[in-house]
Amino acid sequence: MKPAVEAKSVSKIYETAGHAPVKALDNVSLAIAENEFFTLLGPSGCGKTTLLRLIAGFEFPNGGHILLQGQDIAHLPPDKRPVNTVFQHYALFPHMTVAQNVAFGLRMLKRPQAEIGDSVRQALALVKMEAYGARRPSQLSGGQQQRVAFARAIAPHPKVLLLDEPLSALDLKLRQAMRLELKRLQRETGITFIFVTHDQEEALTMSDRIAVMSAGHVQQVGEPLAIYESPVNRFVADFIGDSNFLDGAVVKTAKGGALIKVAPNFLIETSAAGAAKGDKVSLALRPEKITLAQPVKGLPRGVVREAVYIGNSTTYMVEIDGGIGVTVRESNSLSGQSHFAVGDRVGVVVEAGAARLLAG
Amino acid sequence: MQRTQISAWLGVAPAWFVIGIFGVLPMLIMLGISFMVADPYGGVEPAYSHEAYIQFLFERDLDDSLIFNPIYLNIVLRSVGLAAITTALCLIVGLPVAYFIARQPESRRDVLILLITIPFWTNLLIRTYAWILILTRNGVVDARLQSVGFEAGTFDLLYTNTAVLIGLVYSYLPFMVLPLYASLEKMDFRLAEAASDLYANRWRVAWEVILPLAKPGIVAGCLLVFVPSIGAFIAPDLLGGGKRMMLGSLIYFQFATARNWPFGAAVSILLMAFVMLALLVYARVNKGQGLPAGGH
């Protein structure tokens, strides 16, 4: 099956007089499958919005191809692409009612009046806004405007729906509710979603696959689990969730695994292969994959320097004998008590395979 | 309680004073003069007469019977026509200009708006004289055309309706551009992006989104051009050679040359009444309708 959207070596360079040209996208290639909830994730300025705007047609690439179901659309204007956008600030037409907003795309496509009426009703029903058709956007709350923006984009039944940080203007509770809502809408409509966000939690909860971007490059593409559990490089490991980065040297290798020494008494076993004895390597280790224990012999030991209580868990900063510091996150016990206090001597347990060997 | 009422009244008193002295009083004087008898040596005699209003439509025959005389009505129609065409031309020229300026980076916008207002720094009379030099036979344009082989007088527009129109559009274009710019500058151009995303081509984007949102500016600009150009007298006088009289030049003529103050005042009052009527009709038509809906 052909991918719904495919970017082939796409580059976009912004040139401003008096400034060095900025490479917003540098030779980016991606394939997004039919009916997929695909997320472009990255910090601001990483090129994710630029890529979305290139797919929508608001801007044109300096190089490469953008294929929609196998057809090159890179140089078509936005009104000639069967792709619709949900904008970050909704961009609802203030001089039209909700129903007229939703009908706009269909009207421009010159659909028959009766069909427009039906589609508008369906789209509004889908987002549970049937009762608001006669209102003006200014009479709606942020969450309601968000729903209307979605209905407007979905009403013409686009092949691909682009969502440009649509939840960022909502407050936390509403944002969390809308995540589930968007996921449901994607399932029900069967439309390919391309979702842009800088919020890793949003990306992890909703996406089928995520492309992590940085500085105009795609760093990693994969399912949420793979992105979180097996980050390919330091950027991904750092951007998605929290990570301890530990530098060390390979002291032993054995069939697909390696033993890495990060401190005099601190050896970590990883499952990653390809490293030879003596190599200097970097490891990423999630704070929740480290457990603290009593400082018994045989364990790497250290001192708790800080303990930060965050409700369901406590984050400890542990200084391991020999100099390095690690962050540890532990779920709190039934009583809600933290297990350790500042100044306690502790032992550090790292399961084999918990740490990731980073490339580069 | 009393005190606050008095001080509140004192607070707005300057506004009332200015409106009264510079707005209401002159109009009352005009109204009064229009119902008096002309003094042949200028000024008026303090006697009641509505002759001036009769004179607007009728001529008195030798035996004092009234004969319909359309000459002044023609002037009104010509004035309204020229003012309407002027307004339309200003809108057609001004809209792209205002749009262009509104889409520039902010620092450049200010410079461009300043450039739009620069003509105001010179007296309108002088600028209109400059147009005489441009439009006349053997004038700036005609002479250039002659030097490349055209016959003298190929470009001789002076003292035509076209010349008057050019002068009016030139004079009042800034009054169109500024309010248009003010409304376009506030506009969220992401809406245009959203419209094109929803399958609207350039023309539909302009028609469905930009124009409706710019409507307050369009209305303000049209009023600011139409109202003064209907009473304009410099351009009609200098560029139309006084042959093509317009309401403004008629009023000017009655006060300055014909020394018929009551008639001049009566025409002024009628002109004002007409403009106010037009505004009322406009307000009526727009009442409760809000902004134009998207097509249904």
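Author: A salt bridge here is a side-chain nitrogen of Lys or Arg within 4 Å of a carboxyl oxygen of Asp or Glu. Across the interface of chain B and chain A, that rule finds two salt bridges. This is a predicted model, in which local features need pLDDT of at least 70 and side-chain atom pairs count only at pLDDT 80 or more, while totals for chains, interfaces and linings use all residues. Side-chain values use heavy atoms, with hydrogens and water left out.

Reader: Why is the pair Glu208(B) and Arg107(A) called a salt bridge?

Author: The closest N and O atoms of Glu208(B) and Arg107(A) are 2.9 Å apart, and the cut-off is 4 Å, so the pair meets the rule. Over all chains the count comes to 24 salt bridges. The pair crosses between chains, from helix H9 of chain B to helix H2 of chain A.

Reader: What makes a residue part of the contact between chain B and chain A?

Author: Contact means heavy atoms within 4.5 Å. The contact takes 22 residues from chain B and 30 residues from chain A. The buried area (accessible area, 1.4 Å probe, that two parts lose on being put together, summed over both) is about 2300 Å², with carbon and sulfur atoms giving 61% of it.

Reader: What makes H9(B) short of a straight helix?

Author: Helices are DSSP runs (H or I, at least four residues), numbered from the N terminus. The expected span is 1.5 Å times one less than the number of residues. H9(B) has 29 residues, and a straight helix would reach 42 Å, but its end C-alpha atoms are only 34 Å apart.

Reader: How do you know where H9(B) has a kink?

Author: The bend at a residue is the angle between axes fitted to the seven residues ending there and the seven starting there. At Lys215(B), shortly before the proline Pro216(B), a kink of about 55° lies in H9(B).

Reader: What does the span of H7(B) look like against its expected value?

Author: H7(B), residues 161-185, has 25 residues and reaches 35 Å from first C-alpha to last, close to the 36 Å expected.

Notes:
Residues are numbered from 1 along each chain as its sequence is written. Chains are lettered from A and ligands numbered from 1 in the order in which they are written. Helices (H or I, at least four residues) and strands (E, at least two) are DSSP runs, numbered from the N terminus.
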